[in-house]
Amino acid sequence: ALAAQKTVENLFGAFSIGVDQPFREGDFVKIVEFVGTVECIGLRSTRFRTLDRTIISIPNGRLADMRLESFTERDRLRLSAIIGVVYGTTADQLRGVLVGFESVLRAHPKIWPDAVIVRFREFAASSLDIEVMAWFQTADWGEFQRIREHILLQFMDVVEGVGTSFAFPTRTVHMVTERPTTA
C-alpha cells in the first residue's frame, strides 16, 4: 500500500506537471537550492542537469509541491547594482554621476524605459552608495552579459569624467597616545 501510494503520488505529480507546464524539456530553471536545465520529464521523476554538469533526479510527487522558477519565460533581464564612490566626492560630482549613469542607461537601445532607477542610496561605511536598477529587453543571458559589461564600462567613464573614483572597503583608525603622568 505504501509503495502504491508513492507511485500514485508520482503519477499525479507527472500529470500535474504535464497539465500546468511550469517548465518544459530544455528550460533553464531554479528549483529550491539549485539551478539547471530540464533534461527529461518522466512518469516517475524529472531529471535536471546542473551548472556543474551533474544530474539531479526529483520524484514528480515532490516536484509538484516545490517552489520553482523558470528563467526561460523571462521577457527581460535586470541589472541591479550598488555602486560606491569615495567619500571625497562632492555633492556636485555625485549629481554628475547620477545624471551620467541615468543617461548611459537611457541611451541604450535595449533598455526598458519605464523603470530606470539611479538614486543616491546612503552614506555607507566606506562609500557613498548609488543604487542602479534597469531592465533590458532581452531574454538571452549571453547578450545581457555583453550589455552589462558595456554599461559598467560606461559607468567607469562617467565616474572618471566627473573627477571622482570608486570606493573600496576602508577603515580609518585614530590612535591616541597617552601622555605619561608626572609624579
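This briefing covers the fold, the sheet, the salt bridges and one surface patch of a single protein chain.

The model is predicted, so local features need pLDDT of at least 70 and side-chain atom pairs count only at pLDDT 80 or more, while totals for chains, interfaces and linings use all residues. Residues are numbered from 1 along each chain as its sequence is written, and side-chain values use heavy atoms, with hydrogens and water left out. The protein chain holds four helices and eight strands. Helices (H or I, at least four residues) and strands (E, at least two) are DSSP runs, numbered from the N terminus.

**Overall build**

- Along the sequence, the elements of the protein chain follow the pattern α-β-β-β-β-α-β-β-α-β-β-α.
- The protein chain has 183 residues, and 33% of them count as buried. Buried means under 20% relative accessible area, exposed means over 50%, and partly exposed lies in between (1.4 Å probe, protein chains only).
- Take the contacts in the protein chain between residues at least 6 apart in sequence: 58% of these join residues at least 24 apart. A contact here means heavy atoms within 4.5 Å.
- Accessible areas come from the Shrake-Rupley method with a 1.4 Å probe; for residues, only the protein chains shown count as cover.

- Five strands make an open sheet, ordered 4-3-2-1-5, with antiparallel pairing. Two strands pair if DSSP finds at least two bridges between them.
- Strand 4 (55–59) and strand 5 (68–70) stand at the edges. Each has a single partner strand, so one side of each lacks a neighbour in the sheet.
- From one strand to the next, the twist averages 40°. Axes are lines fitted to C-alpha atoms, for helices over the stretch in contact, and angles run from 0 to 180 degrees between N-to-C directions.
- Strands of a sheet pair through backbone hydrogen bonds, either parallel or antiparallel.

- Strand 2 and strand 3 run antiparallel and are joined by five bridges. They form a hairpin with three residues between them.
- Val38 stands opposite Phe48 of strand 3.
- Strand 3 (residues 45–50) also pairs with strand 4, again in the antiparallel sense, over five bridges.
- Phe48 has Ile56 of strand 4 as its bridge partner. Arg47 has Ser57 of strand 4 as its bridge partner. Thr46 stands opposite Ile58, also in strand 4.
- The hairpin of strand 3 and strand 4 has four residues between the strands, and Arg53 takes a positive phi near 70° there.

**Salt bridges**

- The whole structure contains seven salt bridges. A salt bridge is a side-chain nitrogen of Lys or Arg within 4 Å of a carboxyl oxygen of Asp or Glu.
- One of them joins the side chains of Arg49 and Glu39 (3.3 Å, N to O). Arg49 lies in strand 3 and Glu39 in strand 2 (residues 34–41), so the pair ties together parts that are ten residues apart in sequence. Glu39 counts as partly exposed, at 35% relative accessibility.
- Arg95 and Asp92 meet in a salt bridge through their side chains (2.9 Å, N to O). The two residues are three apart in helix 3 (residues 91–107), a separation of about one helical turn. Both Arg95 and Asp92 are exposed.
- Glu102 forms a salt bridge with Arg106, and their closest N and O atoms are 3.0 Å apart. Glu102 and Arg106 are four residues apart in helix 3, which again separates them by about one helical turn.
- Glu102 is partly exposed, with a relative accessible area of 24%. Arg106 is also partly exposed, at 40% relative accessibility.

**A nonpolar surface patch**

- Tyr87, Phe120 and Phe123 form a nonpolar patch on the surface, and together they have about 330 Å² of accessible area.
- Patches are made of residues with over 30% relative accessible area and no salt bridge; like charges are joined within 9 Å, and nonpolar side chains (Val, Leu, Ile, Met, Phe, Trp, Tyr) within 5 Å.
- Phe123 sits in strand 7 (residues 111–123). Phe123 counts as exposed, at 60% relative accessibility.
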